[in-house]
Amino acid sequence: MRLLFLGDIVGNAGCNAIKKNLKKILQSNEIDFVVANGENSYSSGVGISENITNEMFSCGIDVITTGNHVWDQKETLEHIKKENRLLRPLNMSNELPGQGFNIYKSNNGFRVGVLNLIGNVFMKKSDNVFETSKKFLSSNKLKENFDFLIVDFHGETTSEKMAIGHFFDGNATLVVGTHTHVPTNDSRVLEKGTAYQTDAGMCGVYDSVIGMNKEISLKRFLNISSEKWLPARGEATICGVIVDANADTGLAINIKSFIYG
Ligand SMILES: [Fe+2]
């Protein structure tokens with residue numbers, strides 16, 4: 001079983017790169033299941049729309065995860081209720097619409113669980129992610145409830161992400177971080193068989209500040225303008241991880257970082 005996880009798709013450039021390249025990437029790498037974080041895919045770089053969601057599914061993405069920007073386009077509050085392939089972090093308030101976990105069928109007939117979580121450190125308030133994870137694992141077991149489990153941990157700090165990786169070790173196929181838009185060089189299989197990378201990076205323009213126009217970002221950091229953030233224009237690079245997993249155990253055999261473009 002070969003899984004592809006793609007980091008945050010940023011703005012039009014990120015979406016265009018997916019539209020242009022994903023089908024051939026899936027074919028040439030013989031990918032069986034694809035998850036991507038889509039919370040920055042809207043043209044403004046924040047949020048997602050129903051149109052974009054459908055376009056991304058038609059390119060071959062099976063499930064879209066999100067994070068702190070999930071509600072930035074208000075239509076998502078309604079759309080997420082009827083689209084179970086679009087997730088929001090499980091440890092957000094229960095009062096909010098949508099789901100943080102679901103089980104999907106891969107093309108080759110396996111049950112793939114996808115869990116979306118959001119960190120607590122330097123992020124907007126949400127439930128304690130370790131408590132939510134503990135509760136989740138008490139009633140969801142690899143090879144019982146699903147054949148594979150992919151966890152997107154949307155968080156700011158490397159330490160919190162690494163801790164969640166170890167927390168799920170042996171109980172998930174992959175734990176991968178999103179949100180910082182910078183791919184980390186630490187992909188590995190943890191002690192008990194969970195593939196891990198601190199951050200998948202982004203599908204966006206890298207000649208930028210985390211996908212946003214670098215001139216505007218610099219002016220804002222220098223306090224000489226409060227011009228609105230805009231995604232950078234140009235050719236986007238597609239970043240993520242590819243994981244080979246064992247169908248008998250649901251655990252990882254290997255993980256490699258994926259960079260295209
Ligand atoms: Fe984010």
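Analyst: Gly170, which follows helix 5, has a positive phi near 90°. Helices here are DSSP runs of H or I with at least four residues, strands are runs of E with at least two, and both are numbered from the N terminus. This is a predicted model, in which local features need pLDDT of at least 70 and side-chain atom pairs count only at pLDDT 80 or more, while totals for chains, interfaces and linings use all residues. Residues are numbered from 1 along each chain as its sequence is written.

User: What makes a residue of helix 5 buried, and which residues are buried there?

Analyst: A residue is buried if 20 or more other C-beta atoms lie within 10 Å of its own, exposed if 12 or fewer, and partly exposed in between, with C-beta atoms placed from the backbone. In helix 5 (residues 158-168), Glu160, Lys161, Ile164, Gly165 and Phe168 are buried. They cover an arc of only 145° around the axis, and therefore lie on the same side of helix 5; the arc is that of the directions from the helix axis to the C-beta atoms.

User: Against which elements do the buried residues of helix 5 pack?

Analyst: They pack against helix 4 (129-139), strand 7 (148-154), strand 8 (174-178) and strand 10 (195-197). Contact requires C-beta atoms, placed from the backbone, within 7 Å of each other.

User: Why is strand 8 called mostly covered?

Analyst: Five of its five residues are buried. Leu174, Val176 and Thr178 lie on one side, and Val175 and Gly177 on the other.

User: What makes strand 7 and strand 8 a pair?

Analyst: Two strands pair if DSSP finds at least two bridges between them. Strand 7 and strand 8 have five bridges, in the parallel sense, so they pair. In one of these elements, strand 8, Leu174 is the bridge partner of Ile150.

User: How do you know that the length of helix 1 agrees with its residue count?

Analyst: The expected span is 1.5 Å times one less than the number of residues. For the 18 residues of helix 1 (residues 11-28) this should be 26 Å, and the end C-alpha atoms are 25 Å apart, so the two agree.

User: Why is the protein chain called as compact as a globular protein of its length?

Analyst: The chain has six helices and 13 strands. Its radius of gyration is 17 Å, close to the 18 Å that the globule rule gives for 261 residues, so the description holds. The radius is taken over C-alpha atoms, and the rule is 2.2 Å times the number of residues to the power 0.38.

Conventions. Contact = placed C-beta atoms within 7 Å.
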